[in-house]
Amino acid sequence: MTSQVSSAAGEANDGDTVVGGERVPLPGLSEESGPGGSGTKEVRRLDRVIIRFAGDSGDGMQLTGDRFTSETASFGNDLSTLPNFPAEIRAPAGTLPGVSSFQLHFADHDILTPGDAPDVLVAMNPAALKANIADVPRGAEIIVNTDEFTKRPMAKVGYATSPLEDGSLDAYQVHPVPLTTLTVEALKEFGLSRKEAERSKNMFALGLLSWMYHRPTESTESFLRSKFAKKPEIAEANVTAFRAGWNFGETTEDFAVSYEVAPAQGAFPTGTYRNISGNLALAYGLIAASHQADLPLYLGSYPITPASDVLHELSKHKNFGVRSFQAEDEIAGIGAALGAAFGGSLAVTTTSGPGVALKSETIGLAVSLELPLLIVDIQRGGPSTGLPTKTEQADLLQAMYGRNGEAPVPIVAPSTPADCFDAALEAARIALTYRTPVFLLSDGYLANGSEPWRIPEQHELPDLRVQFATAPNHTAEDGTEAFHPYKRDPQTLARPWAVPGTPGLEHRIGGIEKQDGTGNISYDPANHDFMVRTRAAKVDGVQVPDLAVDDPSPSSQLRSSRGGPNPSSQLRSSRGGPNGARTLVLGWGSTYGPITAAVRRLRKAGKPVAQAHLRHLNPFPANLGEVLKRYDKVVVPEMNLGQLATLLRARYLVDVHSYNQVNGMPFKAEQLAAAIEEAINV
């Protein structure tokens, strides 16, 4: 689903929600919009809203949230999402570990995170309420499915008395709604069993929330009819439940107010937009890279959470020259990908932390063979199986050093879900230009989260075409011509890429050390020393942009959330800067949104703070050392125990202040703002 935006880019603060009592009609949306309302209730305008849907993992919360997100994106709001679900395919019903939730933050201005705390919680059962109530601020709205608040489900999560009756929810605006009963009643005409009818209660809830926030409805109805095209009676039952939820909101006295959040006209540069998740953006980026390189795309992969969606998506695109191979294990997946690279394809393997450990020997082989290979690591909580559906940034040191011997590999990390597209192109550029394996470090937060993405024009994409070796490249003293597979480009130190079967270019490959130039097996100590240092110099010489720094000077601004840090931002001209910023907050990967939101809050409060964000983690930008030395304090927030901080201390001898979190969830902006302010004041 796409939408056109033709306004200039703008910026707004991640501030508090503004609630007014005026009636404000939105363009293209009348008060009569929707399945049946008369539009007689009060309508209030908000500048932003955070909604969390929560229920059992079988209640369809992810689908409900995804549909609300799609309608919100088509309406033109800026948005950010946080799906949160258990690792089990069907966790025990009614239990706290089995709760699945989907949080959506949408606004009429530029936003950066899924929000710290929900303004509205939809709780489908007691477990959902208990698991999420600690995050809900006083005064927020809670919509509860009263049908589930019976003795047994409440006892299962430790409620001795009903929280709907014991006064424990008096600080909130509680809307008790018998969602299950109303859904079953609405679907009587379809002749479904009660169990079958109950499955549509998530669509009833979606309809109710769509009425509350004036979301479009046509696309959801079309989606349901398409999804259940082979079972039209089920499709119509879900549409009926969806409409019943809308009409309930319109007619019940319990919901006296609905809300409007205007499109975010000022938040987007001109272009065509669609909502996109990180994994989908990454898959599209890989396809675009293969097209720009004029090479077939080959994916050798083994399913693993949270990377499997990339495999699923790429398997749909044979028409773009994509070949996807679901291997029997992680080792076979990367082995096939490396073989495809040898054969002249843009080769990719996708995995998560446990899979990287299994692939490490073949990554080392790729380093030795000096072939382009993309290793996509969608990080999750570890070690071992760890937290398969929760996020973490704890694979950085594994990507840097997790191989035997000296085996350096470039590392690229996207900063937002949409930025995964550009990061895939950048990783492919490095791999193809320098003939090296490249790590792309995403994580579960980026992979499953979503935001608006401006669809680029083809002329905006980089030219990634490469030249294969086609003829001998070395002339011996006797005039004989030969092919030297390790004769290097003097600028990039990349070796030639010869596709198997090219006449006269036969050469030996394998994991044993090669002789410089000829590629013959060599055990010579001096040659080994030279080859190790040459491979390291090649990676160290990868050309990456200088690190851009946003500081509080009048000439510097934070860019919007689309695509991460602003490459046009200038370095501060002197220590401390014109407004006295002596603290730099440096991040990498998915911490970009929370860090930027926290920095905005501090600047709004008059605290001068500078910010920079790393995309390239090996090699680091050439100016990173200079940037770090300009500041008295450097704060590095990470979702690990300080891995980037360790690298910075070792490389630049800077005593960075490490702020860490490893609870499987992304940072909250308020939490980071407090931590940064504390570091400033120390």
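The model is predicted. Another open sheet has seven. Helix H7 packs with helix H8, and helix H17 with helix H20.

- Strand S3 (residues 48-56) and strand S6 (residues 120-123) run parallel and are joined by four bridges.
- Ile51 has Val120 in S6 as its bridge partner.

**The seven-stranded sheet**

- Here the order is S12-S11-S13-S14-S16-S15-S23, again with mixed pairing.
- Strand S12 (322-326) and strand S23 (616-618) stand at the edges. Each has a single partner strand, so one side of each has no neighbour in the sheet.
- Strand S14 (residues 373-379) runs parallel to S16, and seven bridges join them.
- Val376 of S14 has Leu440 in S16 as its bridge partner.
- Strand S15 (residues 411-412) also pairs with strand S16 (residues 437-443) in the parallel sense, over two bridges.
- On that side, Val412 stands opposite Leu440.

**Strand S16 in detail**

- How many of the residues of S16 are buried? Seven of its seven are, and the strand is mostly covered.
- Pro437, Phe439, Leu441 and Asp443 point one way from S16.
- Val438, Leu440 and Ser442 point the other way.
- Both sets are buried, Asp443 and Ser442 included.

- Thr220, Glu221 and Leu224 are buried in helix H7 (residues 218-227).
- These residues cover an arc of only 100° around the axis, so they lie on the same side of H7.
- The face turned away from that buried side carries the exposed residues Glu218 and Ser226.
- What covers the buried residues of H7? The cover includes helix H1 (61-75), H6 and helix H8 (232-251).
- The axes of H7 and H8 come within 8 Å and cross at roughly 155°.
- Angles over 145 degrees count as roughly antiparallel, so H7 and H8 are roughly antiparallel to each other.
- H7 passes H8 in a right-handed crossing.
- On the H7 side, Thr220, Glu221, Leu224 and Arg225 make the contact.
- On the H8 side, the contact residues are Ala235, Glu236, Asn238, Val239, Phe242 and Arg243.

**Arg67, a residue of H1**

- Arg67 lies in helix H1.
- Is Arg67 buried or exposed? The relative accessible area is 5%, and buried means under 20%, so Arg67 is buried.
- Beyond residues up to four places away in sequence, Arg67 touches Leu206, Ser219, Thr220 and Phe223.
- One of these contacts, Thr220, is also among the buried residues of H7.

**Helices H17 and H20**

- Helix H17 (residues 592-604) and helix H20 (residues 669-681) have axes that come within 8 Å and cross at roughly 60°.
- That angle makes H17 oblique to H20.
- H17 passes H20 in a right-handed crossing.
- H17 contributes Pro594, Ile595, Ala597, Ala598, Arg601 and Leu602 to the contact.
- H20 contributes Ala669, Glu670, Leu672, Ala673, Ile676 and Glu677.

**Two further buried residues**

- Gln292 sits in helix H9 (residues 278-293).
- With a relative accessible area of 10%, Gln292 is buried.
- Leaving out residues up to four places away in sequence, Gln292 touches Gln458, Leu461, Pro462, Asp463, Leu464 and Arg465.
- Val627 is in helix H18 (residues 624-629).
- The relative accessibility of Val627 is 0%, so Val627 counts as buried.
- Val627 and Ala117 are 510 residues apart in sequence, and their C-alpha atoms are 34 Å apart in space.

How values were computed. Residues numbered from 1 in each chain as written. Predicted model: local features only at pLDDT ≥ 70, side-chain atom pairs only at ≥ 80, totals over all residues. Heavy atoms only, no water. Buried < 20%, exposed > 50% of the residue type's maximum accessible area, 1.4 Å probe, protein only. Pairing = 2+ DSSP bridges. Contact = heavy atoms within 4.5 Å. Arc of directions from axis to C-beta. Axes fitted to C-alpha atoms, helices over the stretch in contact; angles between N-to-C directions. Parallel < 35°, antiparallel > 145°, perpendicular 65-115°, else oblique. Left-handed = near helix turned anticlockwise from the far one by under 90°.
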